[in-house]
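Dear colleague,

I am passing on a structure that you have not worked with before. Please look it over first, and then read the notes below it.

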Amino acid sequence: MAQAPVNVTVTGAAGQIGYALLFRVASGQLLGPDTPVKLRLLEIPQAVKAAEGTAMELDDCAFPLLKGIDITDDANKAFDGTNIALLVGARPRGKGMERGDLLQANGGIFKPQGEAINAGAADDIRVLVVGNPANTNALIAQQHAPDVPADRFTAMTRLDHNRAIAQVAAKLQVPVTDIKKITIWGNHSATQYPDLFHAEVDGKIAAEQVDGEWLRETFIPTVAKRGAAIIEARGASSAASAASAAVDHVYTWVNGTPEGDWTSAAVVSDGSYGVPEGLISSFPVTSRGGRYEIVQGLEIDEFSRARIDASVAELAEERDTVRQLGLI
Ligand code: NAD
Ligand code: LMR
């Protein structure tokens, strides 16, 4: 019997990331070559027409796995019965906007979306938040979906993870496939901590194969500030690489991590590694049986501890801000 299509909702579908993402989802790269998909595109009313244009292009690709496209500006319709929700649409920081303003503006987006997911999504719903500030937006949505298991809400640090792999591969002149067990800890922001002390290159600890100064002064800031460097160079924030990381995040979630490796994702903390319970923070994770689980038992030295703590402190501050704003 043919497999029933999986419903995939993409918010911000008419945006830059949406344009790079939708064609990959429809071609089967999100869930694999045997899984048909139905797309639900959620946009604000002014952008629905542009989303319709993208849908026309999707039709024109004649993707065998694409079984339908619905476009709406109504979150309840967009998430009704959905299995996978990619929350990309968010308000970018504008001139003169403070972090609190951005959190408030996005609270207005992620609170109703969390409620709509709670009200109507399928029992196996998995949510990936890409829109910034991704970790705290995911927290807002999760807090408004009390009937959905908290571990179904994640935020994206896979792009940072992929960036870290690329930097190490270039430095050591090795293929990206030689690099395993990279970890991004904390927030998807400039405070994130890309960790090479547990990473392996061809089976050997990565931090021992690069000099300490490069690790501290070049590698960490390059990865942590890569988003800003792309904006500076491109005049717009990363889009195709963000879409690619979103595809990687969901593909791994559904299909599992390879033996001998892990990935990075922002998941609801269970208190592991001293990260306060409930914060959505990036950890080393494996995926087994369709669930992301935090890798346990890693030794954290003083250098790493200080950096993880700094990024987690920023997440706690963001949580406190959205609490004060009444968003959670
Ligand atoms: P964009 O401005 O091109 O597109 C955003 C789209 O979201 C727009 O079409 C807008 O109409 C839509 N939108 C706004 N409010 C909405 C709502 N309530 N419901 C549905 N759609 C809504 O931006 P982009 O380049 O596609 O980036 C999207 C977000 O992803 C930004 O917040 C960006 O900072 C973030 N981002 C995150 C990562 C990451 O690694 N986590 C990487 C790159 C970009
Ligand atoms: C990125 O990491 O590329 C995005 O989060 C965009 C940004 O604002 O840095």
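How many Å separate the centres of domain 1 and domain 2, taken over C-alpha atoms? The separation of these two centres is 23 Å, where domain 1 covers residues 6-155 and domain 2 covers residues 158-318, with bounds that come from an automatic or database domain assignment.

Please keep in mind that this is a predicted model, in which local features need pLDDT of at least 70 and side-chain atom pairs count only at pLDDT 80 or more, while totals for chains, interfaces and linings use all residues. Residues are numbered from 1 along each chain as its sequence is written, and chains are lettered from A and ligands numbered from 1 in the order in which they are written.

Between the domains, 27 residues of domain 1 are in contact with 26 residues of domain 2 (C-beta atoms, placed from the backbone, within 7 Å). On the side of domain 1 that touches domain 2, helix 5 gives the most, with six residues; helices (H or I, at least four residues) and strands (E, at least two) are DSSP runs, numbered from the N terminus. By class, that side of domain 1 has 17 nonpolar, seven polar and three charged residues, where Ala, Val, Leu, Ile, Met, Phe, Trp, Tyr, Cys and Pro count as nonpolar, Asp, Glu, Lys and Arg as charged, and the others, Gly among them, as polar.

Ligand 1 lies between the domains, because both domain 1 and domain 2 give residues to the shell around it. Of the 27 residues in that shell, Gly12, Gly15, Ile17, Gly89 and Ala242 come nearest (a residue is near if its C-beta atom, placed from the backbone, lies within 6 Å), and the largest share, three residues, comes from helix 1 (residues 16-26).

With best wishes

Technical notes: Two residues are in contact if their C-beta atoms, placed from the backbone, lie within 7 Å.
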